[in-house]
Amino acid sequence: QPDQARIVAINSHYFLKNEGHFVISIKANCIDSTVPAEAVFAREVKKLQEENFKPNEQLTLEPYERDHAIVVGGYRMPKKK
């Protein structure tokens with residue numbers, strides 16, 4: 001889905017507690033097939049960061065799936081002191 005980062009954000013605002021964790025699978029070609037997959041991944045991670053998500057790890061699924069990535073992280077994580 002082209003707007004899956006937005007959908008994850010909306011659902012998290014309603015259902016995910018503070019300091020909860022998320023996993024999102026991104027298929028670049030379904031979001032925008034006209035730009036490189038890395039650019040799509042970066043844009044989706046930026047959208048998540050704008051919604052109080054803190055991505056901890058991003059992995060591509062190469063060589064098993066082309067232009068797919070998994071992003072794992074936390075939601076509304078406390079600020080480091």
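This is a predicted model: local features need pLDDT of at least 70, side-chain atom pairs count only at pLDDT 80 or more; totals for chains, interfaces and linings use all residues.

Colleague: What does F22 touch, leaving out residues up to four places away in sequence?

Modeller: F22 touches L48, F53, K54, P55, V71, V72, G73 and G74. Two of these, L48 and V71, are also on the list of core residues that touch the most other members. Now try a distance. The C-alpha atoms of F22 and V8 are separated by 8.7 Å, and the two residues are 14 apart along the chain.

Colleague: And F41? What are its contacts beyond four places in sequence?

Modeller: F41 touches I26, A28, Q58, T60, D67, H68 and A69. Let us follow A69 and H68 from there.

Colleague: Where is A69?

Modeller: A69 sits in strand β3. Its relative accessible area is 0%, so A69 is buried. Past its neighbours within four places in sequence, A69 is in contact with I24, S25, I26, F41, Q58, L59 and T60.

Colleague: How far is A69 from F53, C-alpha to C-alpha?

Modeller: The separation is 17 Å, for residues 16 apart along the chain.

Colleague: Now H68. Is that residue buried or exposed?

Modeller: H68 is buried, because its relative accessible area is 14% and the cut-off for buried is under 20%. H68 also lies in strand β3.

Colleague: What does the side chain of H68 reach?

Modeller: It reaches the backbone oxygen of R66, at 2.8 Å. H68 then has I26, K27, F41, L59, T60 and L61.

Colleague: What else does Q4 touch, beyond four places in sequence?

Modeller: Q4 touches I24, S25, I26, K27 and I31.

Colleague: Let us turn to the backbone. Which residues should I check for a positive phi?

Modeller: Look at E19 and D67. E19 has a positive phi of about 65° although it is not a glycine. For D67 the positive phi is about 60°, and D67 is not a glycine either.

Colleague: Where do they sit, E19 and D67?

Modeller: E19 is in the loop between α1 and β1. D67 is in the loop between β2 and β3.

Colleague: How buried is D67, and how exposed is E19?

Modeller: D67 has a relative accessible area of 18%, so D67 is buried. E19 has 44% relative accessibility, so E19 counts as partly exposed.

Colleague: What does E19 contact, apart from neighbours within four places in sequence?

Modeller: E19 is in contact with Y75, R76, M77 and P78. The C-alpha atoms of E19 and P78 are separated by 7.2 Å, although the residues are 59 apart along the chain.

Colleague: Which peptide bond is cis, with omega near 0°?

Modeller: The bond from E62 to P63 is cis. P63 lies in the loop between β2 (53–60) and β3.

Colleague: Last feature. How do I read a pocket?

Modeller: Rolling a probe the size of a water molecule over the atoms shows where empty space is left. Here, the largest pocket has a volume of about 170 Å³.

Colleague: Which residues line the largest pocket?

Modeller: The lining is N52, F53, K54, R76, M77, P78, K79 and K80. By type, the lining has 3 nonpolar, 1 polar and 4 charged residues. F53 is one of the lining residues, and F53 is also among the core residues that touch the most other members.

Notes. Residues are numbered from 1 along each chain as its sequence is written. Side-chain values use heavy atoms; hydrogens and water are left out. On a 1 Å grid over the protein atoms alone, a cavity is a set of points where a 1.4 Å probe fits but cannot get out, and a pocket is an open set with protein on both sides within 12 Å along at least five of seven lines; lining residues have an atom within 4 Å of a point. Grid points are joined across faces, edges and corners, and a volume is the space filled by probe spheres set on the points. Ala, Val, Leu, Ile, Met, Phe, Trp, Tyr, Cys and Pro count as nonpolar, Asp, Glu, Lys and Arg as charged, and the others, Gly among them, as polar. A nonpolar core is a set of buried Ala, Val, Leu, Ile, Met, Phe, Trp, Tyr and Cys residues joined through side-chain atoms within 4.5 Å. Buried means under 20% relative accessible area, exposed over 50%, partly exposed in between (1.4 Å probe, protein chains only). Contact means heavy atoms within 4.5 Å. Helices (H or I, at least four residues) and strands (E, at least two) are DSSP runs, numbered from the N terminus. A polar contact is a pair of N or O atoms within 3.5 Å; within protein, one must be able to donate a hydrogen and the other to accept it, and residues adjacent in sequence count only if both atoms are side-chain atoms.
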